[in-house]
Amino acid sequence: MKYKKITNLFILNFLLIGCFIIAFNWIIDSTNFFNHDLLDTNYVNDSTVYKTEYLIDNYSNKEVSLVMGGSRPTVLKPELLKKITNKEWYNYAYNGGSPIEHYKNLKYLIRKKLIINEILLGLDYSSFTHETVPNRYPFQIHPLAKTDKQINTFNDELRFYADYLASYNITKSNIKALYKYLIGEPKGVIINVDNGTNNFLHQKRNIEILQDKWHEYFKSLDKKHPDFSKLNISNKQQQNFENFMLLCKKNKIKVRLFFNPTSYITLKHQSLETQEKIYEYLTKDLSLEFDDFAFFNILTMSPDNFYDDSHYRSSVGDEVINSIYSVCSNSGICKKVTKNNLSNHIKFIKYKKEINN
């Protein structure tokens with residue numbers, strides 16, 4: 001009898017805790033998945049949640065072109081791309097995006113009957129050297145996949161929302177957002193869902209003021225972590241990138257690749273040897289070409305163009321778009337890289353780094 005009471009008490013406490021977590025996640029809703037926004041948090045935790053939902057709700061069986069990549073190209077404006085290309089665009093870049101997510105997300109969108117014409121994919125040094133933390137799944141990748149069926153029953157829907165509300169990652173994100181809200185920390189980003197672009201609310205910050213701090217930070221980062229040292233290309237990212245390109249070819253999707261403009265502070269500390277390996281992999285192994293903005297130039301050397309060590313402002317995004325589509329081509333900020341000119345380009349960026357270090 002005593003053990004039965006203990007068991008019942010344990011089950012009751014377990015259920016109460018579960019109900020509390022689900023209620024907490026539903027009320028705080030820092031991802032705006034349920035559009036409560038009760039605390040007006042506006043901290044981006046998982047932008048793919050509502051970007052994916054918006055695309056499926058508005059573009060199924062329609063033609064659309066996509067900006068993809070990590071957090072950096074989230075400032076690229078679909079309206080400017082539409083003006084230049086005369087195509088409908090949506091900015092589907094998301095925080096921490098890498099080939100692993102790009103491949104999974106693209107598969108999912110195609111299954112949901114999106115007709116994708118073109119993808120403008122922004123890459124970075126970290127795109128091929130870092131693997132996604134496993135506990136981001138499943139909601140960072142395809143949050144609306146549910147049971148991954150074309151037709152979902154009521155039980156499928158119920159199970160999905162229960163899993164979402166009980167997710168460790170969602171709970172962690174909501175706790176962080178609530179804490180930031182309570183201590184009055186400045187908001188980070190608001191998503192413009194209609195076109196997918198990010199509005200960075202702290203853009204007034206100038207990295208030149210923080211230059212000594214960032215410089216010191218990256219020195220310590222280089223010593224403590226391998227992130228900006230000599231790294232091999234991640235086999236997992238490599239395979240997913242190749243699968244992504246094959247999927248695009250199969251579905252007749254045009255892909256344009258570019259390397260995002262990178263702050264001079266970051267350029268000083270990331271490994272040229274690793275960068276060269278990535279470029280060789282793309283051009284020589286896969287016979288691809290790309291537009292490279294990730295070297296010392298007038299864009300990357302101006303502190304006014306960045307609001308932290310790696311994220312550029314929307315005005316820089318405009319220059320990136322114009323340069324890629326040759327509206328006002330500027331060879332000083334961008335180089336077209338192919339297997340034929342790779343050696344010369346590597347010499348060029350090494351020279352630029354030497355004279356600016």
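## Basis

The model is predicted: local features need pLDDT of at least 70, side-chain atom pairs count only at pLDDT 80 or more, and totals for chains, interfaces and linings use all residues. Residues are numbered from 1 along each chain as its sequence is written, and side-chain values use heavy atoms, without hydrogens and water.

## Overall fold

The chain has 12 helices and eight strands (DSSP runs numbered from the N terminus; helices are H or I of at least four residues, strands E of at least two). It holds 357 residues, and 50% of them count as buried (under 20% relative accessible area; exposed is over 50%, partly exposed in between; 1.4 Å probe, protein chains only).

Residues 24 or more positions apart make 80% of them.

## Ser-127

Ser-127 sits in the loop between β3 (115–123) and α5 (154–165). Its relative accessible area is 5%, so Ser-127 is buried. Its side chain reaches the backbone nitrogen of Asp-124 at 2.8 Å. Leaving out residues up to four places away in sequence, Ser-127 touches Ser-98, Pro-99 and Gln-237.

## Surface patch

Ile-11 lies in helix α1 (residues 2–28). Its relative accessibility is 41%, so Ile-11 counts as partly exposed. Phe-10, Ile-11, Phe-14 and Leu-15 form a nonpolar patch on the surface. Together they have about 450 Å² of accessible area (Shrake-Rupley method, 1.4 Å probe; for residues, only the protein chains shown count as cover). Patch residues have over 30% relative accessible area and no salt bridge, and nonpolar side chains are joined within 5 Å. A salt bridge puts a side-chain nitrogen of Lys or Arg within 4 Å of a carboxyl oxygen of Asp or Glu.

Conventions: Contact means heavy atoms within 4.5 Å. A polar contact is a pair of N or O atoms within 3.5 Å; within protein, one must be able to donate a hydrogen and the other to accept it, and residues adjacent in sequence count only if both atoms are side-chain atoms. Patches are made of residues with over 30% relative accessible area and no salt bridge: like charges are joined within 9 Å, nonpolar side chains (Val, Leu, Ile, Met, Phe, Trp, Tyr) within 5 Å.
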